[in-house]
Amino acid sequence: MTVVMGIETSCDETGVGFVKDGVLLGDALASSIDEHVRFGGVVPEIAARAHVQAMVPTMRAALEDAGLAWHEVGAVAVTAGPGLATALHVGVAAAKATALALGVPLYGVHHLAGHAAADTLVHGPLPDRSIVLIVSGGHTSLLAVDDLVRTPIVHLSDTLDDAAGEAFDKVARLLGLPYPGGPSIDRIAREGDPTAVRFTRPLMTPRDPALGFSFSGLKSAVARYVAGPQDPGVSVADVAASFQECVADTVVTKAIRACRQEGVDTLVIVGGVAANSRVRSLAEERCAEAGIELRVPPMRLCTDNGAMIAAIGDLLVRDGARPSVPELGARSSVP
Ligand code: KG4
Ligand code: ZN
């Protein structure tokens, strides 16, 4: 059995994890998020420089967390895309150097497949068919997954504009809440009334794409509400809670619709926004009503991390997949 090292650098997190035969042995994470706060979003050059600085210490910390020595590592997996090109290059270069030095195979993997694989570390292998909802800062996608490595993942839908996490980040900025917006809104929304402002659920009329997502109109609606004459007694917490309710309602409704459409009774929710407390509670309620098994990994495996990349790498290794070519490069967008 092979110990697989996973490296993730697609955005602002430097993640390294070790997985063997579906079991997470240990991992470590460094984040440059504090350096991006004053820009209100991730600055690719800053993220890349931070990855270069954090890579070796994060590798060492993960190795120590797993109680491993370098000679025990049998394969290296790395996020080859999608993500910020400059950031991805750091991870790919580090992975190549490590694989070369250790004389072990290298696997370039898809970031979204990594997100989906994260759940297998806690709930075991995925069933024969499942729907995976990926809600992160860069993606809002519904996938139909039969087997994470053997059969092509079917992309059912995407966002037409902003990703769900991006909407959280932009709306937080409008409300004067600190970046990253998701956790800020989640926190303040606990004190707010989710029914205070009824924001229109995007793409919910019968003429709209049944599984499609769109969040830029919702962001504009919040902007108009904030700029316009405000209802007396409606607080920032109320607006945040109302916005969060709208996003949660939208993503959960469409995910359950996808399960029905595909005749699937397992829903996996991953990505940074899966950490949202209302997305979680609403998904639990609605899945229970619909008889759908809900799988959501713990928060630290929902956001970007190295363990999820090691998880998909481990599945590939165990399936006997061919390693990537030495010319492997990073790609910012990958089908
Ligand atoms: O998956 P992730 O770590 O990185 C990407 O691949 O994008 O997701 C980051 C996104 C950010 O937009 C962040 O605001 C959002 O996930 N996020 C949340 C929460 N925690 C993180 N959104 C809503 N509620 C949260 N608790
Ligand atoms: Zn991600």
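Colleague: What makes Leu 218, Val 222, Tyr 225 and Val 226 in α8 a contact with α9?

Modeller: In this predicted model, they meet Val 239, Phe 243 and Cys 246 in α9, and residues are in contact if their C-beta atoms, placed from the backbone, lie within 7 Å. Helices here are DSSP runs of H or I with at least four residues, numbered from the N terminus. Residues are numbered from 1 along each chain as its sequence is written, while chains are lettered from A and ligands numbered from 1 in the order in which they are written. As the model is predicted, local features need pLDDT of at least 70 and side-chain atom pairs count only at pLDDT 80 or more, whereas totals for chains, interfaces and linings use all residues.

Colleague: Why are α8 and α9 called roughly antiparallel?

Modeller: The axes of α8 (residues 216–227) and α9 (residues 236–262) come within 11 Å and cross at roughly 160°. Angles over 145 degrees count as roughly antiparallel, and α8 and α9 therefore carry that label.

Colleague: What makes α4 roughly perpendicular to α12?

Modeller: Their axes come within 7 Å and cross at roughly 90°; since the roughly perpendicular range is 65 to 115 degrees, α4 falls under that term relative to α12. Among the residues that meet there are Ala 113 and His 115 in α4 and Met 308 and Leu 315 in α12, and the contact of α4 with α12 divides into nine nonpolar, two polar and no charged residues.

Colleague: Into which domains is the protein chain divided?

Modeller: An automatic or database domain assignment gives domain 1 (3–116 + 302–318) and domain 2 (128–296), whose C-alpha centres lie 27 Å apart. Between them, 14 residues of domain 1 are in contact with 21 residues of domain 2; on the domain 1 side, α4 (111–118) and α12 (306–318) each supply at least two residues, and the largest share, four residues, comes from α4. That side of domain 1 divides into 10 nonpolar, four polar and no charged residues.

Colleague: From which domains does the shell around ligand 1 draw at least three residues?

Modeller: Domain 1 and domain 2 each give at least three, and the shell divides into six nonpolar, 10 polar and four charged residues.

Key: Nonpolar A, V, L, I, M, F, W, Y, C, P; charged D, E, K, R; others polar. Contact = placed C-beta atoms within 7 Å. Axes fitted to C-alpha atoms, helices over the stretch in contact; angles between N-to-C directions. Parallel < 35°, antiparallel > 145°, perpendicular 65-115°, else oblique.
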